[in-house]
Amino acid sequence: MASHIHAAAAGDLPLTGMHDLRLRPRLLRRVLAECLPLPDPAADLQPTRSPADLARALSAVREQGLLAVEGAADPGLLEEWSAAVDAWVDRLVALLASDREHSCWVGTSFLGLTFEECSEDRFANSYFFWFEKIMKKIKVPSSNKMVSIATCTAMASLFMRLAKFSNLKDEATLLAQKVVQPLLRLLDKDGSVAEKATDLLGLIMKLFPSSVYRHFNKVESIIAAKIMSGYTGFELMPLISPGSKPPPLSGGQTTYGDWNFHSAKKFCTFAVPTISALIHCCSMMLTTSYPIQILELHSSFLDFLGAIIKGMRSSLLPHAGSVVMLITEYFKGAKLPAVRRKLYTIVRLLMSSMGVGRLVDTPHSALLLKAISHDFPCCF
């Protein structure tokens with residue numbers, strides 16, 4: 001009863017303008033009523049909201065700070081505002097659980113927005129409950145791509161907000177560990193879902209690197225495969241083996257936590273496409289016939305190929321067959337002794353990096369070993 005008295009008293013005072021905090025709970029409830037669908041489509045006159053309605057809701061929540069619940073001294077206003085946010089969250093959770101794809105997408109997307117915009121107290125008290133709701137969607141992904149993309153985006157928003165709470169670091173790492181395994185299964189999908197899942201994996205590696213130690217080998221192989229395929233959307237992070245120290249970084253940075261995000265984006269934007277193009281050029285130059293073999297040019301491409309093998313080591317295993325085929329094709333036309341000796345060095349590096357047994361199982365390995373044994377019979 002006291003809260004109603006406070007609210008009534010507050011309502012008797014004139015508003016100070018459009019930014020008066022007393023407008024926030026009223027505006028939030030109006031947005032909820034007019035812009036978001038109801039969980040039960042049978043009770044909703046407009047079960048599918050228009051993009052304009054959703055954009056209006058997004059703009060209002062962000063620009064007006066409708067979910068913040070802060071800055072108000074009046075207990076009645078705080079209670080009213082908190083109740084409005086409760087109704088907002090309840091609607092989103094109900095929509096997220098809906099069988100209707102549009103409703104599920106709306107609920108998931110706006111719940112991700114809530115992770116970003118709600119007060120610190122509400123997030124600290126609710127993050128585990130919200131994590132469980134989103135986690136269910138990752139474990140059993142929707143057949144709808146938009147829903148799956150929204151799910152990965154919402155989980156990314158949760159982890160980015162959670163990383164700001166230093167007192168919840170251990171809890172956050174444990175939650176991140178739970179995400180990695182089902183997330184790896186999403187990477188097997190094609191197209192935008194796999195790309196968004198890869199971005200989420202990269203974010204987890206950056207914020208909570210120890211969470212991927214259990215799945216280190218598989219994660220490393222996936223990253224290598226993404227690089228080799230020329231995928232540029234992944235937030236590339238320096239892979240750190242379990243128990244090892246992070247490598248020194250450029251620009252005077254020495255810790256993983258201080259790693260420069262903008263440098264990674266720059267690397268993804270410019271370096272990764274360049275590497276992919278160089279690998280293609282390397283393959284073309286080594287396997288295409290020329291009237292005259294240019295020694296320095298071919299030697300440089302072989303050095304580049306050797307650097308790739310040395311740097312990626314066992315992570316290159318998914319592409320070992322392609323590398324062996326490339327070297328085998330080049331052996332057929334390579335006549336210059338200096339080039340053939342360098343080829344043998346690369347093969348030896350390939351064997352030491354991936355293991356002789358695994359390399360022998362790759363296609364064209366018999367032809368490659370036969371070509372090498374012709375030049376170096378004492379080694380076989």
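A crossing of two helices is left-handed if the near helix is turned anticlockwise from the far one by less than a right angle, and right-handed if clockwise. Keep that in mind for the views below.

This is a predicted model, in which local features need pLDDT of at least 70 and side-chain atom pairs count only at pLDDT 80 or more, while totals for chains, interfaces and linings use all residues. Residues are numbered from 1 along each chain as its sequence is written, and side-chain values use heavy atoms, with hydrogens and water left out.

View 1. Helices (H or I, at least four residues) and strands (E, at least two) are DSSP runs, numbered from the N terminus. The protein has 380 residues, and 43% of them count as buried (under 20% relative accessible area; exposed is over 50% and partly exposed lies in between, with a 1.4 Å probe and protein chains only). Its accessible surface is about 19,800 Å², with 59% of that belonging to carbon and sulfur atoms (Shrake-Rupley method, 1.4 Å probe). Take the contacts (heavy atoms within 4.5 Å) between residues at least 6 apart in sequence: 66% of them join residues at least 24 apart.

**View 2. Helix α2 packing on helix α4.** Here residues 23-35 (α2) and residues 75-96 (α4) pack at an angle of about 20 degrees, and their axes are 8 Å apart. Axes are lines fitted to C-alpha atoms, for helices over the stretch in contact, and angles run from 0 to 180 degrees between N-to-C directions. The two helices are therefore roughly parallel to each other (angles under 35 degrees; over 145 is roughly antiparallel, 65 to 115 roughly perpendicular and the rest oblique). Their crossing is left-handed. By class, the contact of α2 with α4 has 11 nonpolar, no polar and 5 charged residues (Ala, Val, Leu, Ile, Met, Phe, Trp, Tyr, Cys and Pro are nonpolar, Asp, Glu, Lys and Arg charged, and the others, Gly among them, polar). Look for R24, L28 and L32, among others in α2, meeting residues of α4 that include W81, W88 and R91.

**View 3. Helix α7 beside helix α9.** Residues 145-162 form α7 and residues 192-207 form α9; the pair packs at an angle of about 10 degrees, with axes 9 Å apart. That makes α7 roughly parallel to α9. Among the residues making the contact are I149, C152, F159 and M160 of α7, along with V193, L200 and L207 of α9. Sorted by class, this contact has 12 nonpolar, 3 polar and 2 charged residues.

**View 4. Helix α8 against helix α9.** This time the angle is about 155 degrees and the axes are 10 Å apart, so α8 and α9 are roughly antiparallel to each other. The crossing of α8 and α9 is left-handed. A176, V179, V180, L183, L184 and L186 of α8 make the contact with V193, A194, A197, L200, L201 and I204 of α9. The tally is 12 nonpolar, no polar and no charged residues.

**View 5. A look at T173, in helix α8 (residues 169-186).** T173 is buried, with a relative accessible area of 13%. Leaving aside residues up to four places away in sequence, T173 touches F208, S210 and S211. P209 is 36 residues from T173 along the chain, yet their C-alpha atoms are separated by 8.4 Å.
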